[in-house]
Amino acid sequence: MKTINKSILFILFFLFYSFTVFAQKSKIDSLKIELQIHKEKDSIRVELLIDLAIKHINTNYETTTAYLNESETLARVIDYKMGIARSIYFKGLALVFKSDYQDGDQYYKQAIELFEGLNATKKLIFAYSNMGVFYARNRDYRNAIVYYKKALDYKDQVGDNNAIKELYFIGRAYYKIGDFKNALIYYKKALHNSEQLNDTKQIESCLTCIGDLYSHQGNYPLALDYLNKSLDLAKKHQHIESVSDALVSLGNVYIRLQNYDKAIEYHQKALIESNKVNDRNLATISHNLGESYKYKKDNAKALEFFRVALEKFKERKNRPDEAETLNKIGEIYLEQKNQETAYKYFENAKNINIAIENRRGLSGSYLGLAKVYFNQKKYSLALSNTLDSKKIAEELELIDVQKDAEQLLSKVYTSTSQYKKALISHQQFKILNDSLFNKENIEKITQIEYEYKYKQALDSASIRELKLTKTVQATSQDLEKSQRNYLWAIIGFLLVSIILGSTIFYQKFKTIKVKNQTIATEQKLLRSQMTPHFIFNSLSVLQGMILNKEDKKSVSYLSKFSRLMRITLENSRDKLVLLSQELLAVENYLELQNLENASYKYSISVDDAVNSDVFQIPPMLIQPFVENAIEHAFTEKIHPKTIDIKLNYSNKNLICTIADNGIGISARKENKNGHKTSLATTITSERLQILSKDLKIEGSVTIEDRAKYNAQGTLVTLVIPHKIVEVS
């Protein structure tokens, strides 16, 4: 059976992979054909070359750079600055992928400088964030923090409230350099942002990281609290990697609590989860199992796990964990009285930790070296290394390391006849040891464990109760069969009574329902008629004009904007408005969209048979479709961008057509994967159904791809319910 399942999975994977490759090749071929057709040396050709480069960026470095060199050269010739910046940026990204994050930052920096000159905020966010990733992958966490924070600043400027990635990675970078105070601040900010956006997977990651941090600081009750919350959430949403992360971290807490059997139990559970997805935790779990067996005095098994972990960390170039594993192997050789080998491992770990500024790991390396020197009776070196370890541990609030350092200091001072200092250090050791394992802490830990187990027991009890309920229901059903004839008679009588009573109120209910539906639709119309995005952009443009001291232009812009707002609000209050007033609002809207850079060519034509001063129509039927065309129909490649609005009167139907030369409705549906329906279409269809009944004139909306008429773009046809008023 397992063999059959594996065969089926393999076939499905093969089919999926084949389809993906075919789709990718199809897109590349389509872009190549478009490039061959478009011979003109302009920005469209630059963008086509960049798009082709992006399609090869993960697979063929030479082809990617060839396209990007051509796009950059052409962009410089036509002075297309955005094209130059994007070409350089993707050169950096291609080199990053090729060199596994060793090179490429020089291109990133050039691109960032150009993006800043162009005030391309969204592209700057992406570029700065990628620079942060670059430096983090190279263990340069301080520079990573700088660039992540710049990305964060730009997100604040544009009001982008999704800053989870930047906040989380800033916290992680601070954690890696041992700045636990700032790490906790940013982890908690990331957690808050994740909760606001209901990003459960990121909530789990933040909870686990905060739990890890408290664990390193020796605050085990808080660590267990956060980690159990993360584990519960990950299990609920079946996020296997997050389950594995939380189990690993819980195992680490129990290592520090010296409950090694429980630590092994958690890590073995984590190993089972990791094997389901073959995730990154395999190396970490091997390391932690090695640590558990080391403390259980099974050094042979511990070394076996540590060596597996060390090789995996080296393969993945994970230097912080490589250094940590070297420290642990050094401790085993220290216990075996093999001072020279222990020294080599501690020294190697120390050098790595200094190179990557991993202060937490460095405190452990100094302590290990101090123990070697103490055993070799080199008390001066033992003292200096212990004091270095203690200093870092105090700054990072690593209570367990401080405790071990004070214990070693007591021994060093005793061996050098400094008995007063030895006593002070021993007393400090006792205080720190008690702070880790005092009665209050143990009680808190026991309470958290009890609550967690009690919750699991309640879950199990709920499942049993559900099963019992189903059994009772099945028994009840058998009993009901014998009484069914009597019940049917009673139910029939009640149903007849209900139907008779309902008939009396049906017409009244229907009237109220229609009124409510009309109100709801009109409210949707009011919300949809002018997007916050358009208003924000308009105000931003106005602000820019004022700052640039373009007085006449800004006054004109403000006048048109305020007029449009007034017309929109006035129209939204009336059930019917003059066609001339509605067209004035549409024209005003298009003028505003065009005032800054004349992006669109538009026309509004009214047939001679239509007198716009006598036709009354429902407000805001035309504008949402115009806005929809502006927002979604066009790409940067389309030039010129045109929108044509025509009105005619035929067979007692007032017909409005809105035509654009954009990508077409078919392409827009494909880009949205067919899962989204236009808000304008939905609301207008609902309104037309109600208005048609109210005005007793049929109304409808149809949207077609102009490809069927051998043209480019989308055609919207509105049959508008109307009234004709008599002119006095």
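The questions below take this predicted model label by label.

Q: Why is Y187 called buried?
A: Its relative accessible area is 1%. Buried means under 20%, so Y187 qualifies.

Q: What makes Y187 stand out in the largest nonpolar core?
A: The core has 125 residues, and F115 and Y187 touch the most other members. Beyond its neighbours within four places in sequence, Y187 is in contact with Y168, G171, R172, Y175, C206, C209, I210 and L213. Apart from this core lies another, of 38 residues, including Y589, L621, I630 and C656.

Q: How do you know that C656 is buried?
A: C656 has 0% relative accessibility. The limit is under 20%, so the label holds.

Q: Why is C206 not counted in a disulfide?
A: The nearest cysteine sulfur, that of C209, is 6.7 Å away. The structure holds 0 disulfides. C206 is also buried, at a relative accessible area of 0%.

Q: Why is the aromatic pair of Y168 and Y187 called tilted?
A: The ring centres are 5.9 Å apart, and pairing requires them to lie within 6.5 Å. The planes stand at 50°. Stacked needs under 30 degrees and edge-to-face over 60, so this pair is tilted. Y168 sits in helix α8 and Y187 in helix α9, 19 residues apart. Y168 is buried, with a relative accessible area of 12%.

Q: What makes the pair of Y254 and Y266 stacked?
A: The angle between the planes is 5°. Y254 is buried at 3% relative accessibility, and Y266 is buried at 10%.

Q: How do you know that K98 lies over the face of Y61?
A: K98 is 5.1 Å from the ring centre. The distance must be within 6 Å, and the charge within 35 degrees of the ring normal. K98 is listed over the face of Y61. K229 likewise lies over the face of Y226, at 5.6 Å from the ring centre.

Q: Why do K296 and D261 count as a salt bridge?
A: Their N to O distance is 2.7 Å. The cut-off is within 4 Å, so the pair counts. K296 lies in the loop between α14 and α15, and D261 in helix α13, so the pair ties together parts that are 35 residues apart in sequence.

Q: Why is D261 called exposed but K296 partly exposed?
A: D261 has 51% relative accessibility. Exposed means over 50%, so D261 passes. K296 has 36%. That value falls between 20% and 50%, so K296 is partly exposed.

Q: What makes K390 and E406 a salt bridge?
A: Their closest N and O atoms are 3.0 Å apart. The requirement is within 4 Å, so the pair is a salt bridge. K390 is in helix α19 and E406 in helix α20, 16 residues apart. E406 counts as buried at 5% relative accessibility.

Technical notes. Residues numbered from 1 in each chain as written. Predicted model: local features only at pLDDT ≥ 70, side-chain atom pairs only at ≥ 80, totals over all residues. Heavy atoms only, no water. Core = buried A, V, L, I, M, F, W, Y, C linked by side-chain atoms within 4.5 Å. Buried < 20%, exposed > 50% of the residue type's maximum accessible area, 1.4 Å probe, protein only. Contact = heavy atoms within 4.5 Å. Disulfide = S-S within 2.5 Å. Phe/Tyr/Trp six-rings, centres within 6.5 Å; stacked < 30°, edge-to-face > 60°. Helix = DSSP H or I, 4+ residues; strand = E, 2+ residues; numbered from the N terminus. Salt bridge = Lys/Arg side-chain N within 4 Å of Asp/Glu carboxyl O.
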